[in-house]
Amino acid sequence: MRVISGTARGRRLLQLQGMETRPTTDQVKESIFNIIQFDIEGRRVLDLFGGTGQLGIEALSRGAESCTFVDQRRDAVQLIRANLKQCDLSERAKVVQGDSMGFLSTVTVPYHLVFLDPPYGGELLENALKKLAEIDMLSENGIIICESPTDQVLPELSAPYRKGREYRYGRIKITIYRKEV
């Protein structure tokens, strides 16, 4: 697992041991960042289910203004901090240990870009999407990027949120939502 582009290009990222965290593959990550390449620089990013932090770190490396990482696990939070330090990106990051849904209830500033890549097999993704739309915490023209299994059907959201294209990579599906104003 490595940073693909930007100021931290080529840096190897540390990974969590065990099967509880499923890092995004380099191929899928590269595809995600090809899709949003013009929507990163100078933006505020939220990596809601941080895991290793690789999606938010990639965004910071490519010029995002800041990124907030949220993860419930203490070891994941420690790993995100270590990966940020290794990539010299700590000063533009905030790392929060806590429940992702609880964190959303505290958001006071809008984000431009939100990564949702929760553990598979539950309703975390759908619940996070609904909560994001309910509290309307995306900036104008904001983007939500969801990673899920290909067989998971994600909901339509009420206006001004629009479910966009879905991209399939083997057993993984990337779904893009946009806030249209």
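## A buried glutamate and its partner

Glu 58 is buried, with a relative accessible area of 0% (buried means under 20%, exposed over 50%, partly exposed in between, using a 1.4 Å probe and protein chains only). This is a predicted model, in which local features need pLDDT of at least 70 and side-chain atom pairs count only at pLDDT 80 or more, while totals for chains, interfaces and linings use all residues. Residues are numbered from 1 along each chain as its sequence is written, and side-chain values use heavy atoms, leaving out hydrogens and water.

Glu 58 meets Lys 29 in a salt bridge (3.8 Å, N to O); the term stands for a side-chain nitrogen of Lys or Arg within 4 Å of a carboxyl oxygen of Asp or Glu. Lys 29 sits in helix H1 (residues 26-35) and Glu 58 in helix H2 (residues 54-61), so the pair ties together parts 29 residues apart in sequence. Helices here are DSSP runs (H or I) of at least four residues, numbered from the N terminus. Lys 29 is buried too, at 0% relative accessibility.

## Other salt bridges

The structure holds ten salt bridges. One of them joins Lys 173 to Glu 166, with the closest N and O atoms 3.7 Å apart. Lys 173 is buried at 2%, whereas Glu 166 is partly exposed at 29%.

## What about the cysteines?

How many disulfides does a search of the whole structure find? It finds zero, a disulfide being a pair of cysteine sulfur atoms within 2.5 Å. The sulfur of Cys 67 is 12 Å from the closest cysteine sulfur, in Cys 87, which is too far for a bond. Cys 67 is buried at 1%, and Cys 87 is buried at 3%.

Notes
Helices (H or I, at least four residues) and strands (E, at least two) are DSSP runs, numbered from the N terminus.
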